[in-house]
Amino acid sequence: MPVLSNATLSQLDSRVAVPRYDRRKVTPGIVHIGVGGFHRAHQAMYLDALMNCGEALDWGIVGVGVMPGDRRMQEVLAAQDHLYTLVVKHPNGEREPRAIGAMLDYLYAPDDPEVVVERMADPAIRIVSLTVTEGGYNFHPVTGEFDLANSDVRHDLDSPAAPRTTFGLVVEALARRRARGLAPFTLMSCDNIQGNGEVARRMFVAFARARDPALAEWIEAEVPFPNAMVDRITPVTQAVDIEELAGEFGVEDAWPVVCEPFTQWVLEDHFICGRPAFERVGVQVVEDVEPYELMKLRLLNASHQALCYFGTLAGYRYAHEVCRDPLFVDFLLGYMRHEGSPTLAPVPGVDLEHYRLTLIERFANPEIKDTLARLCAESSDRIPKWLVPVIREQLAKGGEIHRSAAVVASWARYAEGLDEQGEPITVIDRLRHELAALAAENRTRPAAFIENRELFGDLAEHERFRQAYLTTLASLHERGARATLETLVGE
């Protein structure tokens with residue numbers, strides 16, 4: 001069985017699509033920080049498609065890992081000539097494998113940050129892109145201010161030539177380009193954050209200002225930070241995915257990526273030194289991303305939160321199980337139609353009801369096996385950004401909020417660490433110990449969870465939200481998730 005590599009591409013099963021371009025002719029144009037499954041199923045896939053059209057061969061990707069867990073990705077990709085297999089899983093069980101060749105190299109920053117900085121300082125690099133997760137921007141969930149007290153940030157401010165963080169690496173590279181009289185690169189966020197480009201701009205400028213105010217002014221004036229909306233369900237690769245790829249298609253790939261058929265990328269056309277012609281492979285390049293990103297964050301992402309805690313408490317473990325249960329579907333559509341959608345401005349070219357129903361179909365894809373554990377992870381970085389704004393806007397206009405309040409209550413009940421069958425729940429969150437301490441008071445001081453101003457600001461002081469939350473939390477304890485949902489759906 002061939003190990004995936006440049007030398008074995010011609011030996012692969014004919015059902016595996018391979019690059020139609022000569023990878024030897026591809027040169028770097030993009031450095032991407034945070035090479036996870038989503039980047040490989042999304043941005044890298046779009047570039048590979050563009051290269052298959054005979055274009056963008058000067059926009060090859062150099063991946064960069066910053067976190068300790070990134071070392072294995074570097075090792076795996078290096079052993080495969082930076083090729084990997086993307087497997088699209090269709091609801092009918094069909095598999096569509098494709099070898100992606102857009103990535104040329106992968107640098108593990110802790111080994112040699114100087115190499116990473118100099119790669120970004122190279123004028124051939126015209127875009128630095130990011131998928132560093134919602135928590136990777138180092139800002140306070142309520143105030144939105146950059147955290148200068150972070151120990152690694154302090155290190156990078158004290159030792160700018162040997163950075164540890166994404167901020168230190170990027171700003172040092174920009175400082176060198178400025179000193180050398182070179183144009184900056186575009187900094188392109190591909191993370192699920194409302195106004196991700198604007199957030200990136202504020203955070204990188206804040207770091208730069210703490211280092212050198214003149215450098216910060218140059219970055220603020222010269223570096224583009226386009227906003228983007230990105231969408232593709234990409235569950236964590238499991239051992240069975242590796243085994244299936246080898247058994248069915250004869251490809252030995254140590255870290256393939258699996259994803260759903262649906263993909264969307266809406267990108268603000270705000271670049272310096274050019275960009276790939278993304279629009280030729282389905283990317284929506286627009287002047288204003290906000291209507292699209294709010295649609296995605298408040299319908300798709302917030303609905304993931306609406307299903308994952310209730311689903312886990314009820315004993316489900318996968319999103320498709322939840323979305324094949326009519327009770328849960330009614331609750332999700334009720335949230336989307338009556339709470340999430342009323343906060344949206346018109347979305348050009350989108351039928352919202354079709355979009356909502358498509359989301360349910362996507363969530364119900366049994367082949368994806370998207371775990372509720374994945375959707376429940378890092379809640380403290382997600383609910384304040386995706387759901388709390390919906391609650392605030394609905395409170396301000398007198399709209400419905402009982403389903404949104406119920407989602408927050410389901411999170412608080414989930415944070416207790418046991419489901420309704422008494423099975424332990426492993427909470428994955430940077431604030432897990434703090435959340436567990438608050439959830440331990442759910443029965444004795446039931447408002448304690450929402451009185452955490454770091455996550456909810458003053459929401460607990462809004463009586464309508466407070467009462468809806470307390471009513472649902474009490475029902476979850478007394479009657480369980482299904483009975484609680486039956487009441488919520490009937491309201």
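**Exercise 1. Determine in which helix E198 lies, and whether E198 is buried, exposed or partly exposed.**

Solution. Step 1: E198 belongs to helix α7, residues 196-211. Helices (H or I, at least four residues) and strands (E, at least two) are DSSP runs, numbered from the N terminus. The model is predicted: local features need pLDDT of at least 70, side-chain atom pairs count only at pLDDT 80 or more, and totals for chains, interfaces and linings use all residues. Residues are numbered from 1 along each chain as its sequence is written, and side-chain values use heavy atoms, with hydrogens and water left out.

Step 1: The relative accessibility of E198 is 34%, so E198 counts as partly exposed. Here buried means under 20% relative accessible area, exposed over 50%, and partly exposed in between (1.4 Å probe, protein chains only).

Step 2: Apart from neighbours within four places in sequence, E198 is in contact with F225 and N227. Contact means heavy atoms within 4.5 Å.

Step 3: P97 is 101 residues from E198 in sequence, and their C-alpha atoms are 35 Å apart in space.

**Exercise 2. Check the span of helix α20 against the value of 1.5 Å a residue, and state what its buried residues pack against.**

Solution. Step 1: Helix α20 holds 16 residues, 463-478. The expected span is 1.5 Å times one less than the number of residues.

Step 1: The buried residues of α20 are F465, A468, Y469, L470, T472, L473, S475, L476 and H477. An α-helix has 3.6 residues a turn, so residues three or four places apart point the same way.

Step 2: These buried residues pack against α10 (290-313), α16 (388-397), α17 (402-414) and α21 (481-490).

Step 3: Just after α20, G480 has a positive phi of about 95 degrees.

**Exercise 3. Describe the surroundings of H402 and the cover of helix α21.**

Solution. Step 1: H402 is part of helix α17. Its relative accessible area is 16%, so H402 is buried.

Step 1: Residues up to four places away in sequence being left out, H402 touches E339, A468, L488 and E491.

Step 2: In α21, the residues A481, A483, T484, L485 and L488 are buried. Their cover includes α10, α12 (326-340), α17 and α20.

**Exercise 4. State the phi values of N138 and E378, and locate each residue.**

Solution. Step 1: Most residues other than glycine have a negative phi, and most peptide bonds are trans.

Step 1: N138, which is not a glycine, has a positive phi near 60 degrees. N138 stands in the loop between β6 (127-130) and α5 (151-158), and at 13% relative accessibility it counts as buried.

Step 2: E378 is likewise not a glycine and has a positive phi of about 55 degrees. E378 stands in the loop between α14 (372-376) and α15. With a relative accessible area of 26%, E378 is partly exposed.

Step 3: Helix α15 (residues 379-386) contains R382. R382 is buried, at 14% relative accessibility. Among the residues that R382 touches, those up to four places away in sequence not being counted, are E134, Q305 and R374.
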